[in-house]
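These are my notebook entries on a model that I went through step by step. I wanted to see how its parts meet, and I wrote down each thing as I looked it up.

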2 protein chains.
Amino acid sequence: MLLEQEAVRTSRPQEPSTEGRPSHGSVGLVRRQSILFDRPLHLRSGATLRPFTIAYETYGTLNESRTNAILICHALSGDGHVAGYHTTSPDEKPGWWDDAVGPGKMFDTDRFFVICSNVIGGCQGSTGPSSLAPDGKPYGLRFPVVTIADMVQAQVHLIDALGIERLFAIAGGSMGAMQALQWAVALPERVANVIFLASTPRSSAQQIAFNETGRQAIYADPNWKHGNYYGGPAPTRGLAVARMLAHITYMSDRSMEAKFGRTLQDADTLPYTFERPEFAVESYLAYQGEQFIRRFDANSYLYITKAIDYFDIGADYGSLRKAVQRTQATFLVASFTSDWLYPAEQGLELVRALEAAGRSVQFHLIDAPFGHDSFLVEVDRVAAVVGSFLKEQSEARV
Amino acid sequence: MLLEQEAVRTSRPQEPSTEGRPSHGSVGLVRRQSILFDRPLHLRSGATLRPFTIAYETYGTLNESRTNAILICHALSGDGHVAGYHTTSPDEKPGWWDDAVGPGKMFDTDRFFVICSNVIGGCQGSTGPSSLAPDGKPYGLRFPVVTIADMVQAQVHLIDALGIERLFAIAGGSMGAMQALQWAVALPERVANVIFLASTPRSSAQQIAFNETGRQAIYADPNWKHGNYYGGPAPTRGLAVARMLAHITYMSDRSMEAKFGRTLQDADTLPYTFERPEFAVESYLAYQGEQFIRRFDANSYLYITKAIDYFDIGADYGSLRKAVQRTQATFLVASFTSDWLYPAEQGLELVRALEAAGRSVQFHLIDAPFGHDSFLVEVDRVAAVVGSFLKEQSEARV
């Protein structure tokens, strides 16, 4: 096992604005770390991945008894950089859930040791299709297909390496919640609490359909070249279309209407043209596509959406009830009223199975207008629920 | 005005199966007709289209007083072939709303003279971007941008040519309903009844966003060549992606789950591959894309989705209330419980405006599981509502 650490800048960034919440601070400057595991990872497909690297970040301090660790799992387009800043540049945006992770925040780094790692198959430091294969060339589609179970199996090596026997909690939204559930089922003795947000124990036909359409947009890009585009132009147009589509599914009809309505883009009257965006919502989607292609690898998009589609933890264990009967954790399940991509019914399916299995679970239907994105955007409402759950559980167990 | 008629086959097809409804027959063999109008059509954008052809079909017989005509307006991917067969081939599928148009059906051709025309901008006989411009070359993107109001203006020439002063009814779902509403507002004295199904008086940000993503998939296809692809390979991959996306929005989460769930395609266990569809829903979407590119022109897809996006009849007349105050028709508005693309709230917005303006309107929220497609698929439920509406209105007025 090799520990690789990126250069740590010693200067600290300006403390970010706390917007009237002085007790809620930033974790400040953080660094991406990574571990190279030179051992085989046997994957669900039958293939083996060796070696593999896990990139991750940590925040806060592991206590002496190693009982205060929380693993946060990221969603499709996320990565291991959940909070803080990598540089001192004032233009840098913080990690993807910065509002949730830090001193005094929902995941309070004054109390908890928070870990977030990039999934295998990803493109932010963990081994994925854009990584070099043992032959020195990028994997491309030679990278083996991975599942949520495989992602978790890889994370287990990281948690072992950090010397943590049992996680106080695993938390995630969307695909992150799938990983949290997978942990609790596959490794019941290693998870005390699960925070499962805006997700499902089983990807539905509609969810698969949206992901497949995004993949087809990538396949249709002539730069994709069956995944062999590294060193040449990337299939950015196809990836941008996939992202635009996905982005619509992350918002709600209502939030799009409130944010854009039929506002025109840089015009008082309709230009009646195909040359440029006419409506503000078109310009916004184009911007989302452009931003995404700068930071994300198209092949990783294919692999990760496949992993989401494959997820059906009940099928893996005979039934959802049988799967959750394995768990020992206490569950917090939350769905969001306006989330039509991962509707509340899916969260409730998990809750009913947990209840039927006699497990401890609380369910929250959080009233929030921002669709699937609510779990990221409505931090205060999520914090109210998650914060008290963590408080209860830590008073009971830590 | 030139009347162009396609060759009429004299043999009749086998009477199609009536599935236990002997009173509900097929209109049988029908033919596409078209009229070339050598006069200018002044468009909303300021451009002029001249000449223009309207392709259409008719079913039933116009009565002597010319008071029994019903104009059916098609949706995005429809055309003027609403019912019956063009050939005697047993493999031919009937028109797109065959269950609704015929002897004894919802639009009873024993009583009504039913007309359906292809919209301008389309690709099934009416002038559109794939038509030859006056210079003898296909228009491509030189075709002027059209709106729903322009489509209706072109239809007016057809209805004039057929010698019909006042339509007994105009009916349509989705974009078809937009045209019906446009008729009633722009030409109030010429429309007695409006049947407005699964639609909106105003395209929303989310609706624009889905259409724009489909357009971006077409633009991203290197065969699109800024619309100049006629004579060469067409941007079929981009168009197929656009269709796949749209198709998801026409179904409901529930109907996709019932139809496909997580059923695998030709496999007992997951193949874990990118080489072929793994889930049945993926195969179904691919099939929908393949079928669509055989019959539809990518540029027409761009123009027609733009027309839908532009639709906001309230904005055209100062407010929705002011727009509907112009109408003289009796309205039937129906929305469908599972239609998340055109949710009931949008139909109700029109209903409230009509009521506020003192107009006669009835609203039906039809409980149907098939999403936006319900207006086409749930013919019996639609027929129950539309049939009694037409009966009431015809007893009152014909």
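**Entry 1, the interface.** How many residues of chain B are in contact with chain A, and with how many residues of chain A? I kept in mind that this is a predicted model, and I found 41 residues of chain B in contact with 42 residues of chain A. I then looked up which helices of chain B build the side that touches chain A, and noted that helix 3 (205-219), helix 4 (236-250), helix 5 (253-259), helix 6 (280-295) and helix 7 (298-310) each supply at least two residues. Helix 3 of chain B gives the most to that side, with 9 residues.

I next asked by what turn chain B can be laid on chain A. A turn of 180 degrees with a shift of 0.0 Å along the axis does it, and the RMSD is 0.0 Å; that is the relation of a two-fold axis. The same surface serves both copies, since 100% of the contact residues of chain B recur in chain A.

I turned to helix 3 (residues 205-219) and helix 4 (residues 236-250) of chain A, whose axes are 7 Å apart and which pack at an angle of about 160 degrees. With angles over 145 degrees counted as roughly antiparallel, helix 3 of chain A is therefore roughly antiparallel to helix 4 of chain A. The crossing of helix 3 of chain A with helix 4 of chain A is right-handed. On the helix 3 side I listed A:Phe210, A:Thr213, A:Gly214, A:Ala217 and A:Ile218, which meet A:Gly238, A:Leu239, A:Val241, A:Ala242, A:Leu245, A:Ala246 and A:Thr249 in helix 4 of chain A. The residues of this contact divide into 8 nonpolar, 4 polar and no charged.

Is A:Ile70 buried or exposed? I located A:Ile70 in strand 6 (residues 69-73) of chain A, and A:Ile70 counts as buried because there are 25 C-beta neighbours inside 10 Å, where 20 or more are needed. Leaving aside neighbours within four places in sequence, I found A:Ile70 in contact with A:Phe107, A:Phe112, A:Val114, A:Leu167, A:Phe168, A:Ala169 and A:Ala171. I also checked A:Gln393, which is 323 residues from A:Ile70 in sequence and 12 Å from A:Ile70 in space, C-alpha to C-alpha.

Note on methods
Residues numbered from 1 in each chain as written. Chains lettered and ligands numbered in written order. Predicted model: local features only at pLDDT ≥ 70, side-chain atom pairs only at ≥ 80, totals over all residues. Contact = placed C-beta atoms within 7 Å. Helix = DSSP H or I, 4+ residues; strand = E, 2+ residues; numbered from the N terminus. Axes fitted to C-alpha atoms, helices over the stretch in contact; angles between N-to-C directions. Parallel < 35°, antiparallel > 145°, perpendicular 65-115°, else oblique. Left-handed = near helix turned anticlockwise from the far one by under 90°. Nonpolar A, V, L, I, M, F, W, Y, C, P; charged D, E, K, R; others polar. Least-squares fit on C-alpha atoms with pLDDT ≥ 70 in both. Buried ≥ 20, exposed ≤ 12 C-beta atoms within 10 Å, placed from the backbone.
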